[in-house]
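This report describes one protein chain for a reader who has not seen it before. It starts with a pair of strands and then widens to the whole chain.

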Amino acid sequence: MTHPSPFPLPLRILLLAAQPHRDPALLKSLIDAQTDWPEILDLARHHRLEPLIYLTLQTLAPPDIQHLLKLAATRNTFAALQAAAELRRLTTAIPNLLALKGLTLSQTLYGTPNARHVGDLDLLTPLPAPTALIESLGYTRLTPDAPLTPRRLAAYTRTWKDFTFESLNHHFELDLHWRLFNNPHHPANALLLSPPVTVTLFNIPLQTFPLLDQFLYTCVHALNESFTYLKTLADIAAFLNTLTQQQLNDALLRARTLHLLPQISAAIHLSNAWMLTTAASPHLLPPTHSLAVKIHRRTLKLLTENNFQPTREQTSPTSWTRLELLLTPTPRTFVEVARRFLVRPRLWRTVPLPDTLFFLYPLLAFLIPPRLHDGQSHAAPRTPLESPNAAGKIGVSKSPPNT
């Protein structure tokens, strides 16, 4: 099996190097056929795959490229150590926090917390969110960036899934979740009901999802992000390499129970096609299933139309809405999409009405259109090679627009 022909050779090499069951002879033959190492490094940096491909390419790449990859991996290791210390500080100060993705996922999939690109911190908390405690630990709230009155807070937590904070002193951005997805009716939110497990990294115990739930969440999250960064596809491939056949079958049965089977099947088939995994199960929907076909086409289009380096802000709010309705095509989803159009913190900042006039905001929503996301993240380093400027800010795209 080979990658689709629209993929340039550097991207094919990158994906092959990130695969859990790679063909060394094929990888060497592809490397021998090309010399564009700067393009490979550029793609790896964009798709957050530098640490993952370091061990694969350290003996196949030229010495100068090996040096750059080692430098990236070393910086990522230091970033992982720093992130682990910050997670310990946060989880010690605030009870009942659960780690999402990040270091715990890296430890689960690769046996080390620094194999995955270290980005922002994602923590899950019960409501009410401990915002005062977070701020007492040196964080400033970025999203929503409007003052929160009681009516605004109630509307925001009902409609959106997280707050975003930054700590310039500790060089981290923190997403504090109370749901996994904005839509409270999204079936994957049921994963929150599972008892957490403990993952230990750098001798630091952290609570996270059980293995199968981590797999389901990773697949659904990747689809909702439209695989903008292929790191998420590499994670799915690593899961398919980690899970036994029985575990894969059990995960698919659980996905069916949660009404997530089409999404999980679509993610698996994309991994089989592009990461050359060979996952199969009698419970898996076929690759010709309509959602699998549409996800494959959408992801390929997003890559090819953006020079194989897409960012989230290149996709319009309308396109993100279509994707959400494609993944969860229910009347409730449509209602939630409409609600998010009406409940926008930007309106609260632009027209600061008192709570007694809060009912006027839905009318203002039709007068002040949504803005395109500016793609700015205000945290300190989101990758080992990105350092903050004097203001402590770097330009890294985040989630789909929410203002």
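Strand S1 pairs with strand S2, which covers residues 121-124, in the antiparallel sense and over two bridges. Leucine 98 has its bridge partner in S2, namely leucine 124. The model that shows this is a predicted one.

Strands of a sheet pair through backbone hydrogen bonds, and the pairing can be parallel or antiparallel. Here S1 and S2 belong to an open sheet of five strands with mixed pairing, ordered S1-S2-S5-S4-S3. Its edge strands are S1, at 98-99, and S3, at 140-143, each of which pairs on one side only. The protein chain as a whole contains 17 helices and seven strands.

How does the radius of gyration of the protein chain agree with that of a compact globule, and what is the value? For 403 residues a compact globule would have a radius near 22 Å, and the protein chain has 21 Å, so the two agree. The table lists further values for the protein chain.

| Property of the protein chain | Value |
|---|---|
| Span of the C-alpha trace along the principal axes | about 70 × 45 × 40 Å |
| Share of the 403 residues that count as buried | 54% |

Among contacts between residues at least 6 apart in sequence, 67% join residues at least 24 apart.

As for charge, the protein chain carries 36 positive and 27 negative side chains. The centres of these two sets lie 6 Å apart.

Terms used:
Residues are numbered from 1 along each chain as its sequence is written. This is a predicted model: local features need pLDDT of at least 70, side-chain atom pairs count only at pLDDT 80 or more; totals for chains, interfaces and linings use all residues. Side-chain values use heavy atoms; hydrogens and water are left out. Two strands pair if DSSP finds at least two bridges between them. Helices (H or I, at least four residues) and strands (E, at least two) are DSSP runs, numbered from the N terminus. The radius of gyration is taken over C-alpha atoms; the globule rule is 2.2 Å times the number of residues to the power 0.38. Buried means under 20% relative accessible area, exposed over 50%, partly exposed in between (1.4 Å probe, protein chains only). Contact means heavy atoms within 4.5 Å. Lys and Arg count as positive and Asp and Glu as negative; His and the chain ends are not counted. The place of a charge is taken as NZ of Lys, CZ of Arg, CG of Asp or CD of Glu.
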